[in-house]
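Please keep the model in view while reading.

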Amino acid sequence: MSSTALGMLLAIAAAVALNGGYLLQHVGASGALAVDARRPIATLASLGRSPVWALGTVAGLTGWALHVGAMREAPLSLVQACVAGGLILAAPMAAIGLRRPLARGETQALALMAVGLVLLSVGLSGGDGSRHFSAAALAAWMAALSAGAAGLLARAPGPHRALALGLAGGLLYGAADLALKAVTGLHGAAAIATSPWLAAGLASSVGAFFAFQRGLQGDRPLAVIATMTAATNISSIAGAFVVYGDPLGRTPALAAAHALAFVLVLAAAWRLAPAQARLIGVTPPALARSSPSR
């Protein structure tokens, strides 16, 4: 098995673990305080009181580790597409576990997702050609994503606040994935621990976590999930091509097939957001249980 194929398998496994972690986290967080980035310790302490949420966090961290492993083995653009492709397994899990059949449109989206992943697998070769990158380009791309997220959080009107939080979270998750991809090319614990990309990736992940979790506590959780997923995939896949020079294909025909595959996967992931939401059990918590200062 080539390293690229291994990376794709790890990415799909990561998606399943992450979705399972979401399920446990959101079930366990039903009685927690409203997420508040200004009070991170109080927020995490409230969430951590639930053993179910803690178990979900373990599952989520496992998924994160698999995701990093996938990025080490395969080009980032393929990894992100396969993480989205994990909904092929997650959506049926939602239907079986919750005894709610998939809608016709969701079944069609699963078929599109499968076609996209098959197209992506055509013509794969071993090795990851995106080890070398421009530090300036990565810093500029991450700065642009972070600035976009900050602008959304600062200026979004009240009625659209939850969607803005989801979009901001997605942009920050995309920035984190791009930074962590850079870390996977390092060797040795000292080099990894002192890498500015590790610090940047962790900081982006923390910001994304608080933005996305707060967005889920609004009255449009399905739209927040779809917006976050789309923003993460698009920003990171585009960054993979711009910063890391990921190839679409070795021939014009393969390039066209892979470009179509990315479009199919992203479109299907957007359509499957309701199924993903059912899997993670999203129900807006009572915001009356918010922080005492509110």
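Of the 294 residues in this predicted model, 47% count as buried. The protein exposes about 13000 Å², and carbon and sulfur atoms supply 71% of that area.

The protein contains 13 helices and zero strands. Read from the N terminus, its elements therefore run as α-α-α-α-α-α-α-α-α-α-α-α-α. Among contacts between residues at least 6 apart in sequence, 83% join residues at least 24 apart.

Helix H7 covers residues 135–155, which makes 21 residues.

Which residues of H7 are buried? They are Leu138, Met142, Leu145 and Ala149. Because these residues cover an arc of only 60° around the axis, they lie on the same side of H7. In general, an α-helix has 3.6 residues a turn, so residues three or four places apart point the same way. On the other side of H7, the exposed residues are Ala136, Ala144, Ala154 and Arg155.

| Property of valine 206 | Value |
|---|---|
| Helix | H10 (residues 196–216) |
| Relative accessible area | 47% |
| C-alpha separation from glycine 169 | 9.5 Å |

Valine 206 counts as partly exposed because its relative accessible area of 47% falls between the limits of 20% and 50%. Along the chain, valine 206 and glycine 169 are 37 residues apart.

Conventions:
Residues numbered from 1 in each chain as written. Predicted model: local features only at pLDDT ≥ 70, side-chain atom pairs only at ≥ 80, totals over all residues. Heavy atoms only, no water. Helix = DSSP H or I, 4+ residues; strand = E, 2+ residues; numbered from the N terminus. Expected span 1.5 Å × (residues − 1). Buried < 20%, exposed > 50% of the residue type's maximum accessible area, 1.4 Å probe, protein only. Arc of directions from axis to C-beta. Contact = heavy atoms within 4.5 Å. Areas by Shrake-Rupley, 256 points an atom, 1.4 Å probe, with all protein chains shown as cover.
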